[in-house]
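Subject: Structure handover

Hello,

Here is the structure I promised. Please open it alongside this note.

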Amino acid sequence: MPLMRTAALLSVALCAFSLAGCGQQKQTGPDVSASETAPVVAPPMPAVTAVPGDAHPMAGFDTLDRDHDGRISSAEHAQAAQALFEMIDMEHDGNLSMDELKAAAPALADIDGLTPDKLMAIADADHDGKLTLAEWMAFANARFGLLDRNDDGFIDRAEWDAPHPPIPPVGK
Ligand SMILES: [Ca+2]
Ligand SMILES: [Ca+2]
Ligand SMILES: [Ca+2]
């Protein structure tokens, strides 16, 4: 009975939207009008997506070494830094505010123990209290340069495993 099948599928589809009255609707056949008047239960708002501390683009050697050749190229590091900037910039206005940095604090802590305050002190070259992508990338490039001790354009595993030196203020 194709009509019944269609109605049943429609009922299931409506249930997916209304999240209400599904129990009664499943067995009652083609009349799906009840679903249209059932109160619509709004899905819970997703939690504000602060950047996870251990699962972001700059988390750890193996994440940064995207092509798995055993070393982090400057391009791999820069791409990860830019991707993380975009994750932290929840307002998508091209600036990282202190609030956004605080929301991303677990991720920052994973980058050489950074805190929002420390990062701002290092990277906010024009002292306006927020980080542009350019300021952020200057910070990321400075970090790469410090970790690539032999200046061969790659952070190898030994360089990564050595203590990461503190990053001095950038662009001041
Ligand atoms: Ca690599
Ligand atoms: Ca700034
Ligand atoms: Ca190197």
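Predicted model: local features only at pLDDT ≥ 70, side-chain atom pairs only at ≥ 80, totals over all residues.

Residues are numbered from 1 along each chain as its sequence is written, while chains are lettered from A and ligands numbered from 1 in the order in which they are written.

Start with α5. (Helices, H or I of at least four residues, and strands, E of at least two, are DSSP runs numbered from the N terminus.) α5 has 15 residues and reaches 21 Å between its end C-alpha atoms, close to the expected 21 Å (1.5 Å times one less than its number of residues). Its buried residues include His77, Leu84 and Phe85. Buried means 20 or more other C-beta atoms within 10 Å of the residue's own; exposed means 12 or fewer; partly exposed is in between; C-beta atoms are placed from the backbone. The buried residues of α5 pack against α9, among other elements (contact: C-beta atoms, placed from the backbone, within 7 Å).

Now α9, residues 133-147. Trp136, Phe139 and Phe144 are among its buried residues. Partners of its buried residues include α5, α8 and β3.

UniProt lists residues 76-111 as "domain: EF-hand" in an unreviewed entry. That span is 67% helix and 8% strand.

Last, the loops. Histidine 92 lies between α5 and β2. Its phi is positive, near 55 degrees. It counts as exposed because it has 7 C-beta neighbours inside 10 Å. Aspartate 112 sits between α7 and α8. Its phi is also positive, about 55 degrees. With 17 such neighbours inside 10 Å, aspartate 112 counts as partly exposed.

Best wishes

Technical notes
Contact = placed C-beta atoms within 7 Å. UniProt positions renumbered as here; feature names shortened; annotations may be inferred.
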